[in-house]
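Here are some exercises to work through with the model open beside you. Try each task before reading the solution below it.

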Amino acid sequence: MGRLMKRFSHLFLPLSVMVLLIIINLVKGADYFRITMVNGAFYGNIPNIFFGASELVILSIGMTLVTAASRGQDISIGESATITSAVFVQYVLQANEVTLLTILVAFLLSSVVGLALGAFNGTLVSIFKVQPMVASLILFTGGRSIAFMIDGKLSPILANDLSNKIGTVIPGIPIQTPIILTVVFIALTAVLFKTTNLRLYVEAVGINPNAARLNGINPKKVIFLTFLIMGFCSAVAGFIAVNKAGRHDSVNLLKLIMMDAILAVAIGGNSLNGGKFSITGSIIGAYTIEMLNRTLLRLEIEPAMIKVFKAVFIIILMVVASPVVRASITKVVDKIRPASVQREGSVPLPIANRVGKKEE
Amino acid sequence: MAGVNAIKKKTRLSNSNLLFLIAAIIFVLMYLFAIIMYPGSFLQFQTFFDLFNLNAPLIIMTLGLCIVMIGGGIDISIGAVCGLVTMACAFFLESGRGSIWGAILIALGIGIVFGIGQGYLIAYLEIQPFIITLSGLFMAQGLLTTLHKDPINVTMPDFVKLRDFEIVINWLGTRNRLGVFIPCEIKPGTIIVVILLVILASLMKWSRFGRNVYAVGGNAHSANMLGINVKRTMFITYVISGLTAGIAGFVYIMTTGAGNVGNAAGAEMKAIASAIIGGTLLNGGVGNLLGAPIGTLTLLVINELIRAAGVQSNFQAMVSGLLLYFFIVLQSIIMSLRDKREFTLALPPWLRLSRKAQGEALQHR
Amino acid sequence: MLGKTILEMRGISKSFPGVKALDSVDFTLRPGEIHALMGENGAGKSTLIKVIAGVYEKDSGSITLEGKPIHFKAPEEAQNNGIGTVYQEIMLCPNLTVAENMYIGRSHSLLVNWKQMNEQAERLLASLNIPARATQELSSCSLAVQQMIAIARAVDMDCNILILDEPTSSLDEDEVHTLFALMRELKERGVGIIFITHFLEQAYEISDRITVLRNGKLVGEYETIALLQIELISKMLGNELDDITSLKKHEPDVSDVSIPVFEAIGLSSSAGVRPFDFTIQKGEVNGFAGLLGSGRSESARAIFTADRVTGGEVRMKGKRVKIKTPLHAITQGIGYLPEDRKGDGIIEDLSVRDNIILTLQVLNGFFKPFSLKQAQEFAEEYIERLNIKTPTADTPIKSLSGGNQQKVILARWLLTHPEYLILDEPTRGIDVGTKVEIQKLVIALAHEGMSVTFISSEIDEMLRTCSRLIVMKDREIVGELRGSQLTESAVMNVIAKGGKNRWAD
């Protein structure tokens, strides 16, 4: 039990926030968990959170990797997604008849563009040693006007049956399509981590690139790879977002989503200075943010005030999680605890218990 | 001969000065290019002054941001705080009981409150600056819309006078197409930019605090060991940045005369871009405040050039991005070339000094 | 000798989560004395001086400075009370000028007087023979010069107490002597100096008194002249001595000398090492000897391509191979334990297990991760074999002591079963007990047929383990010693004579 707690201690923060939000919501109205069936699909508060957070979850996965390896953040993800989805929309629009193949090819095309954009940022960061935030500032500045150029006009409409299905629901399947896509994406991520050494490589590079290099890892390649993954994440997020919206608004699509994605990474218990990371934490963090947004709406807070509440909430969260506050809490706890217990804990452990974790 | 020697013995430029120099040279070249291409507009002093007149708030914000960045931090709340200040001032001035001095106090007050709050959380509670100032951004935007949603055009007579106030320089004018002489006009915002630039640049160069900021940005742990109060230094950088955002807000409303929800939206990213072009590195410890206006002006001149060339305004952002790309890559290449040379320079045999060689080295100074 | 003290510490205790670093330690410093603070790694020396310097707050106990009780909460306060500290790692700001680094954090005036500061700095640098200019950016100075600047800063502070935490580890012999001369001068002025070092000879050369700590506890305070070296070692170690003398080195089999395991011809690197030839036989232990900066580490790095190789060719068992990156070197069966453990060796936040399996994992390939069970088995095998003291394999490596961290890195390389292992200063900054263990291990490995290059700044250590020494000076090989030639004086001779004429013309 103790081991389990230790293993998941980094998830304590996002999970406790989630529980807190659920309690607030239940106090507001006991019907929080109610799920209704409309036209053969589930709707309700919880499904809405999963639906609304799809893009954010996918982007925060990429952001976690970029943060861990490069010790910085990509702030151009919303813009990348806007560009990739512009490519997607243009390909779909030029087709005479929109078939599944059209969508597939369009998605592949947009993914290639996403990878290219990731490569652009990745090259600057890994080869030119530019700080990630600075490197991605370029696409952040110019990205939306590139997307507009691809569109050729303001907000082209994506009106076809398939896009509608991808953005909302496929008849016969009770769960909204973006949720399914997100789950598939998370599963793919899990497979990626299971079948490769990505975690070890990324963490080693993020913690000590010199040592990583001397042990045969090429830090440049690893950082580049995380940006490629980030680019792909952007393409998927753009794909979902544009199909949800049904049109391509190059000015507002996923605007400022990098703020939420970075926040998700931080709430997930990850350091924004790279190193060890938890994807699970970031995913929970992303859902927490969406839940927070919707909770504030549900509490009928004046729309104008929502941002203020969000800010206050984040600040409280970060203060509670801050190392300084934690240290002083531990101090107080230590003082309350009887001296004998304290002493026992403070003796350096010899080689005694080397057994732990064996049964895994 | 002596001259040659003097140059050779001169200490090599610090990174801060080198990057600033690059920025300055490129700015000058670009401006010359602009003059050659469009002598009609860029040869007028008014065009140059208008760059300041219209963009004083951005330059002021960049100054504060540069200090934070040199200290190794980042402040992305500045645009939103600036916007909040414009609305608060407009609201106050139009409330019927407003006064100019009151508005100035409000502007400084809001800036300082944000600076103190964020600075405390970042410096003393050691929370990541990006997250805290992001919350600050949300907070300021939220307060802005809560305060008032619709634009407020300030009509208070005193304020209108201030808004329309200009310093006219008669001998620096030009004739327009009709042959009428138009003198050069400088807005008070430009004066404030110059004053702040002088004060803050001197602060960074000649004050103990300024040097401490460089030390903290260079290596916070070492700075602490050297006896610098790192937390307090960091705290003050954020207070200054909040303060400059407040001042920028007042200058903003002094220029436009209206409070608006969209005021200075996204200015933080422009400020970051300006700071980087001006030679301030995001890693901290490297930067020169004189680069802040240079960076901003470089971005602006490019945009003016594009407009003059008749390119659709939508593509201005793209060109800004390209410009940024150019600068970032150039800086990176220069820095890495420099590192490489430094590497070989630091290791020649005479550095493994025998005492005799040491003596020689000393004599040569 | 009796009477006056400037610093008295009584019953000082300090705990960190999980460790009691200091347990009721007493320490006394008198004016005008050089007081060596000795002990193994983890004995609590660094913690003790950090308490004095105000970096850590003590948990209990009392400190009196010139009769007044004090309680420092920040380095700033200690500095203002006349306590100057020079740390082992250089605590200066690379982006500031040399002069600024010497004076920042000390003045109380609001403004900086650049002209006066630069002049003062220039004078001080000249008086201490430091080859740097006041206006130069610190990052353009070599590490040794940076260390000297840190010392100059402390010296200039009119301090009554000067703390030197292993100041000599990055200095060469000349510089050490300059430093000692300086210390004696300060001593004359009545400054009390606390001197931490791992070099016993240095402690004997310069100190008046020695205080020994072991496991966070005080062992005792002794007059240096009255304490025999062997006694000092036994006090530092407790009782696990005499292993050193029993060490028997391995002489390689001369029969299969024909094909060397590794051979380099005309190798040179971007770190400025001159083209050199080098061979090593199966089961041989050899070493690069020379002063710091002689190129001994740079040669090792060139072999492993830790620095960019700029010329030359390399053969493994007679076959020419291309080694362009450390990964190539690893796949060819070369291992390299770097000099800078913290900067190049450990991945500090990762567990001991991940640190051990890292290189083997990389060799195994990106797409073939070990199962947790497999990794755990690997880790436990080597934790046991090398006697690594860690609570679990899951513990982050950063919470281990220096010696145990070094063993983890050794384990990492042994796990890859290299044919040729390069150990660059494997015993630096670690306790004597572990030093002996590592030397024994090297010899045992050679017996098993591994070729080892062993580099150390302590020549006697190399003499004990190596059967051949390659002597370097000014970044090139100036001689080679083997068999009966292997004595300390022979090495010194080669260094002193070697390569001298090169710079005459």
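Two strands pair if DSSP finds at least two bridges between them, and strands, like helices, are DSSP runs numbered from the N terminus (E, at least two residues, for strands; H or I, at least four residues, for helices). This is a predicted model, in which local features need pLDDT of at least 70, side-chain atom pairs count only at pLDDT 80 or more, and totals for chains, interfaces and linings use all residues. Residues are numbered from 1 along each chain as its sequence is written, while chains are lettered from A and ligands numbered from 1 in the order in which they are written.

**Exercise 1. Strand S9 of chain C**

Task: find the bridge partner of Ala36(C) in S9(C), then follow that strand to its other pairing.

Solution:
- Start with strand S3 (residues 34-38) of chain C, which is joined to S9(C) by 4 bridges and runs parallel to it.
- Within this pairing, Ala36(C) has Ile210(C) as its bridge partner.
- Next, turn to strand S10 (residues 217-223) of chain C, which pairs with S9(C) in the antiparallel sense over 6 bridges.
- Here Ile210(C) stands opposite Tyr222(C).
- S9(C) and S10(C) form a hairpin with 2 residues between them, and Asn215(C) in the turn has a positive phi of about 50°.
- Finally, check burial: a residue is buried if 20 or more other C-beta atoms lie within 10 Å of its own, exposed if 12 or fewer, and partly exposed in between, with C-beta atoms placed from the backbone.
- In S9(C) (residues 209-214), 5 of the 6 residues are buried, so the strand is largely enclosed by the rest of the structure.

**Exercise 2. An open sheet in chain C**

Task: in what order do the 4 strands of the open sheet in chain C stand?

Solution:
- The order is S12-S11-S14-S15, with antiparallel pairing.
- Strand S12 (276-280) and strand S15 (319-321) of chain C are at the edges; each has a single partner strand, so one side of each lacks a neighbour in the sheet.
- From one strand to the next, the twist averages 20°.
- S11 (residues 262-269) and S14 (residues 309-316) of chain C pair over 6 bridges, and Phe262(C) has Met316(C) as its bridge partner in S14(C).
- Helix H10 (residues 296-303) of chain C packs on the sheet, touching S11, S12 and S14 of chain C.
- The direction of H10(C) makes about 115° with that of S11(C). Axes are lines fitted to C-alpha atoms, for helices over the stretch in contact, and angles run from 0 to 180 degrees between N-to-C directions.

**Exercise 3. Two helix pairs in chain B**

Task: which residues make the contact of H6(B) with H7(B), and which ones meet between H9(B) and H12(B)?

Solution:
- The axes of H6(B) (residues 100-124) and H7(B) (residues 129-147) come within 9 Å and cross at roughly 150°.
- The two are therefore roughly antiparallel; the cut-offs are under 35 degrees for roughly parallel, over 145 for roughly antiparallel, 65 to 115 for roughly perpendicular, and oblique for the rest.
- Phe114(B), Gln118(B), Leu121(B) and Ile122(B) of H6(B) make the contact with Pro129(B), Ile132(B), Thr133(B), Gly136(B) and Ala140(B) of H7(B). Contact means that the C-beta atoms of two residues, placed from the backbone, lie within 7 Å.
- For H9(B) (residues 188-206) and H12(B) (residues 230-256), the axes come within 9 Å and cross at roughly 160°, which makes the helices roughly antiparallel.
- Pro188(B), Gly189(B) and Ile192(B) in H9(B) meet Ile247(B), Val251(B), Met254(B) and Thr255(B) in H12(B).

**Exercise 4. What touches chain A?**

Task: which element gives the most to the side of chain B that touches chain A, and which to the side of chain C?

Solution:
- For chain B, 37 residues are in contact with 38 residues of chain A.
- H7(B) gives the most, with 12 residues.
- This side of chain B divides into 23 nonpolar, 12 polar and 2 charged residues. Ala, Val, Leu, Ile, Met, Phe, Trp, Tyr, Cys and Pro count as nonpolar, Asp, Glu, Lys and Arg as charged, and the others, Gly among them, as polar.
- For chain C, 37 residues are in contact with 28 residues of chain A.
- H13(C) gives the most to that side, with 6 residues.
- The side of chain C that touches chain A has 20 nonpolar, 8 polar and 9 charged residues.
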